[in-house]
Amino acid sequence: MTQPLIPPSPSAQDYAAQLAANADETMFERSEPFGLFAEWLEAAKAAEPNDANAMTLATLDAEGMPDARIVLLKDVDARGFTFFSNQESAKGEQLWAHPAAALVFHWKSLRRQVRVRGVVEPVSSAEADAYFASRARESRIGAWASDQSRPLDSRAVLEARVAEQAAGFDGQDVPRPDHWSGWRVVPQQIEFWRDRAFRLHDRLRFDRDGDAWLRTRLWP
């Protein structure tokens, strides 16, 4: 018999096996979200097999149609959540036109997620230069070679462009292209979600209130 495509809902035994990991009530005593986020990200780094800093980035295109993709968080502090990319890509054009975004971190192994909504601002040239310089040389060359999000005839065309750029930078440092930079999502709202038995999940939302945060526990 063919197995169903969609997994079954968890059983009582499944829930019992992971209940203790998400039972700590002290998360609801937090006065701000960034310390809690840092703790959850550290736990995800220890538990997730790949890319604990992966996040879904949701934007709007010129017609108001939502778009989403996975990107990597590269910095987080009290200012917000930072990522980098080609500014001429689809996401770049959308962010310039509509400088607001939503993020979702989903840590499957921990049964937790974090949702972020906020306005988007470009990072400084110094921040972009510093991160670009930290990347592998091959990645920096790739940033010069790729017309990101544009139609590509074949893999061979991409590889030829990479070889061309590599030859052009032979024996030289690879500087940051003008079209490559970063954005910071400045959160107006951050919600923490963790799995609890029988869909009676825990949800904690922080809403920005000037320099402070308003804290609200939500029904599951």
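How many aromatic pairs does the structure hold? In this predicted model, there are 15 of them.

Take F37 and F105. Two values describe any pair of aromatic rings: the distance of the centres and the angle of the planes. The ring centres of F37 and F105 are 4.9 Å apart and their planes stand at 65 degrees; since planes over 60 degrees apart count as edge-to-face, this pair is edge-to-face. F37 belongs to helix α2 (residues 33–47), while F105 sits in strand β5 (residues 100–107), so the pair ties together parts that are 68 residues apart in sequence. F37 is buried, with a relative accessible area of 1%, and F105 is buried too, at 0%.

Together with F34, F81, W107 and W213, F37 and F105 form one aromatic cluster. Leaving aside residues up to four places away in sequence, F105 touches a list of residues that includes F37, M55, L73, F81, R112 and V114.

Now step back to the largest nonpolar core, which has 31 residues. Among the residues with the most contacts inside this core are F37, F81, F105 and W107. Several elements each supply at least two of its residues, including α2, β1 (54–60), β5 and β7 (180–194). The largest share, six residues, comes from α2. There is also a second, separate core of seven residues, F84 and F132 among them.

R112 is placed over the face of W40, 4.7 Å from the ring centre, and R217 lies over the face of F28, at 3.7 Å from the ring centre.

Technical notes
Residues are numbered from 1 along each chain as its sequence is written. This is a predicted model: local features need pLDDT of at least 70, side-chain atom pairs count only at pLDDT 80 or more; totals for chains, interfaces and linings use all residues. Side-chain values use heavy atoms; hydrogens and water are left out. Rings of Phe, Tyr and Trp (its six-membered ring) pair if their centres lie within 6.5 Å; planes under 30 degrees apart count as stacked, over 60 as edge-to-face and the rest as tilted. Helices (H or I, at least four residues) and strands (E, at least two) are DSSP runs, numbered from the N terminus. Buried means under 20% relative accessible area, exposed over 50%, partly exposed in between (1.4 Å probe, protein chains only). A charge sits over a ring if NZ of Lys or CZ of Arg is within 6 Å of the ring centre and within 35 degrees of the ring normal. A nonpolar core is a set of buried Ala, Val, Leu, Ile, Met, Phe, Trp, Tyr and Cys residues joined through side-chain atoms within 4.5 Å. Contact means heavy atoms within 4.5 Å.
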